[in-house]
Amino acid sequence: MNNEKFSIINRIKSFKYAFNGLKLFFVLDHNGRVHLFAAIVAIGLSFYLKLSALEWIAILGVISAVIVAEILNSAIEKLADVVSPDFHPKIKVVKDLAAAAVLVTAFLALAVGAIIFIPKLLL
Ligand SMILES: Nc1ncnc2c1ncn2[C@@H]1O[C@H](COP(=O)(O)OP(=O)(O)OP(=O)(O)O)[C@@H](O)[C@H]1O
């Protein structure tokens, strides 16, 4: 448990650091830019197809899941590169596991996108 006194200033600083993390991801990370582009396309299509509230929740949920997984994957990769700049079999396992988390969420996003968008686009 943290014995420091509660401080509004420190809470605001935490937000600032978190927004800086978002900027690092979406502006500087190539994967982040790809995810931002895909999210904008999916949200644009959702407006165009006039999704229901539940469909919006599903689309925004999977977009967030993919972005959160990719942010954590990037953070793990960067930490691993500091811990072990040289090849290490255990770092390979760690990085491959983190990448697998992104893959699972990406498959989920594809499935949800296909279930929602394909019937609306074909009809
Ligand atoms: N230090 C290392 N030791 C062992 N294996 C590594 C190491 N660095 C990378 N790898 C292997 O290479 C793969 C790709 O790693 P890398 O860090 O380049 O990820 P990436 O997804 O290509 O990153 P980027 O975000 O730069 O595109 C990892 O999943 C892992 O199998």
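How far apart do the end C-alpha atoms of residues 57-76 lie? Select that span and check: the distance is 28 Å, and the stretch is 100% helix and 0% strand. (Helices here are DSSP runs of H or I with at least four residues, strands are runs of E with at least two, and both are numbered from the N terminus.)

Before going on, note that residues are numbered from 1 along each chain as its sequence is written. The model is predicted, so local features need pLDDT of at least 70 and side-chain atom pairs count only at pLDDT 80 or more, while totals for chains, interfaces and linings use all residues.

Next, pick Glu70, in helix H3. UniProt's unreviewed entry lists Glu70 under "active site"; positions follow the numbering used here, feature names are shortened, and annotations may be inferred rather than shown by experiment. Glu70 is buried because 22 other C-beta atoms lie within 10 Å (buried takes 20 or more, exposed 12 or fewer, partly exposed in between, with C-beta atoms placed from the backbone). Skipping neighbours within four places in sequence, show its contacts: Asn31, Gly32, His35 and Val102. Contact means C-beta atoms, placed from the backbone, within 7 Å.

Now hop to Asn73, also in helix H3, which covers residues 53-83. Asn73 is buried too, with 20 other C-beta atoms within 10 Å. Beyond residues up to four places away in sequence, Asn73 touches Ala98, Ala99, Ala101 and Val102.

Last stop: colour residues 34-51, 57-76 and 97-118, which the unreviewed UniProt entry gives as "transmembrane region". Residues 34-51 are 83% helix and 0% strand, with end C-alpha atoms 23 Å apart.

Note on methods: Two residues are in contact if their C-beta atoms, placed from the backbone, lie within 7 Å.
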